[in-house]
Amino acid sequence: MKKTVIIAAALALAAGAQAQDAKKSYSVTTDFSYTSEYVFRGIEQQDKAFQPSVEVTAGDAYLGLWTSQAITHQDASFAKGNEIDVYGGYKYKVNNALTLEGVGTYYYYPSSRSRLGETGHSWELGVGATYNISGFTPAVNYYYDFVLKSQTTQVSVGYSFPLTDIGTSLDFNVFGGHVDSRDLNGNRPGKSRESYDYYGADVSVPYKLSETATATAGLHYVDNRNVPVGTADNNLYFTLGVSVGF
């Protein structure tokens with residue numbers, strides 16, 4: 001965990017220095033967050049975790065490194081292992097209301113056990129569309145994982161309620177998704193198909209600490225349906241984080 005955090009911090013500092021030298025031809029955002037649970041598309045992956053990240057944006061394109069490092073390991077199962085993601089994408093603004101986006105993500109699981117055939121890496125491509133109407137931001141996204149042969153469709157609606165008197169806002173988001181995987185075994189022999197649904201809601205409060213730094217507190221609820229026996233549902237958790245831009 002310490003090594004990953006150091007690498008992320010070093011990348012953030014180097015990219016930030018270069019961004020300043022380039023006279024803001026691109027921007028860098030770093031984020032250092034804590035989550036009481038790490039839930040990905042309706043399924044709990046870790047208990048308490050530290051999630052640092054760094055993202056470089058140039059115009060409508062972006063490239064980032066995100067990681068989730070478990071603080072406590074309840075058991076030795078792969079689901080509780082650490083995760084490192086490298087992603088990149090492009091946003092295309094059709095008009096003042098509609099934005100289209102394409103993104104690719106490489107997932108790396110350093111805690112996977114190859115001797116047991118656990119999937120050590122995966123990658124996917126995704127497309128999405130977001131529409132802004134009267135302050136609401138409905139969105140639809142589709143992702144395909146080429147290792148797990150998994151398709152994910154998610155719809156969401158966000159709304160930000162300004163709290164101008166205290167210089168912040170209440171950001172709400174509700175979402176629902178469907179996952180259909182034809183090969184959950186990934187690198188393991190044989191195939192295991194799984195299909196399930198998930199839904200949930202988020203509320204977050206960002207507070208600007210300075211011109212470049214923002215602290216955010218969030219509360220999240222996620223539930224799922226038709227998942228394997230023993231998979232946790234009704235996940236209620238919180239996040240705390242600080243992001244800094246260069």
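## Basis of the description

A residue is called buried when its relative accessible area is under 20%, exposed when it is over 50%, and partly exposed in between, with a 1.4 Å probe and protein chains only. The structure is a predicted model, in which local features need pLDDT of at least 70 and side-chain atom pairs count only at pLDDT 80 or more, while totals for chains, interfaces and linings use all residues. Residues are numbered from 1 along each chain as its sequence is written, and side-chain values use heavy atoms, with hydrogens and water left out.

## Overall architecture

The protein chain contains one helix and 14 strands; these elements are DSSP runs numbered from the N terminus, helices being H or I with at least four residues and strands E with at least two. Of its 246 residues, 39% count as buried. The accessible surface of the protein chain is about 13600 Å², and carbon and sulfur atoms hold 60% of that area; accessible areas come from the Shrake-Rupley method with a 1.4 Å probe, and for residues only the protein chains shown count as cover.

A contact means heavy atoms within 4.5 Å. Among contacts in the protein chain with a separation of 6 or more, 45% link residues 24 or more positions apart.

Two strands are taken to pair if DSSP finds at least two bridges between them. β11 and β12 are antiparallel and share 12 bridges, with G177 placed as the bridge partner of Y198 in β12. β12 is also joined by 12 bridges to β13 (residues 213–225), again in the antiparallel sense. In this second pairing G200 stands opposite V222 of β13, and four residues separate β12 from β13 in the hairpin that they form.

## Nonpolar cores

A nonpolar core is a set of buried Ala, Val, Leu, Ile, Met, Phe, Trp, Tyr and Cys residues joined through side-chain atoms within 4.5 Å. The largest such core has nine residues: V39, I43, F175, V179, Y196, Y198, V222, V227 and Y237. Two or more of its residues come from each of β11 (168–181) and β12 (194–208). Apart from this core lies another, of six residues, including Y62, W66, Y87 and Y143.

Within the largest core, Y198 has contacts beyond four places in sequence that include R41, T152, F175, H178, V179 and D223.

## Backbone and burial at individual sites

Most residues other than glycine have a negative phi. R41, by contrast, has a positive phi near 50° and is found in the loop between β2 (38–40) and β3 (43–46). R41 is buried, because its relative accessible area is 16%. K149 likewise has a positive phi of about 50°, in the loop between β9 (136–145) and β10 (150–163). K149 counts as partly exposed because its relative accessibility is 32%.

S53 belongs to strand β4 (residues 49–58) and is buried, with a relative accessible area of 13%. Leaving aside neighbours within four places in sequence, S53 is in contact with T29, T30, D31, L65 and W66.

## Surface patch

L63, V86, Y106, Y108, W123, L125 and F146 form a nonpolar surface patch with about 640 Å² of accessible area together. Patches are made of residues with over 30% relative accessible area and no salt bridge, where like charges are joined within 9 Å and nonpolar side chains (Val, Leu, Ile, Met, Phe, Trp, Tyr) within 5 Å; a salt bridge is a side-chain nitrogen of Lys or Arg within 4 Å of a carboxyl oxygen of Asp or Glu. β7 (98–108) and β8 (121–131) each give two or more residues to the patch. L125 lies in β8 and is partly exposed, with a relative accessible area of 44%.
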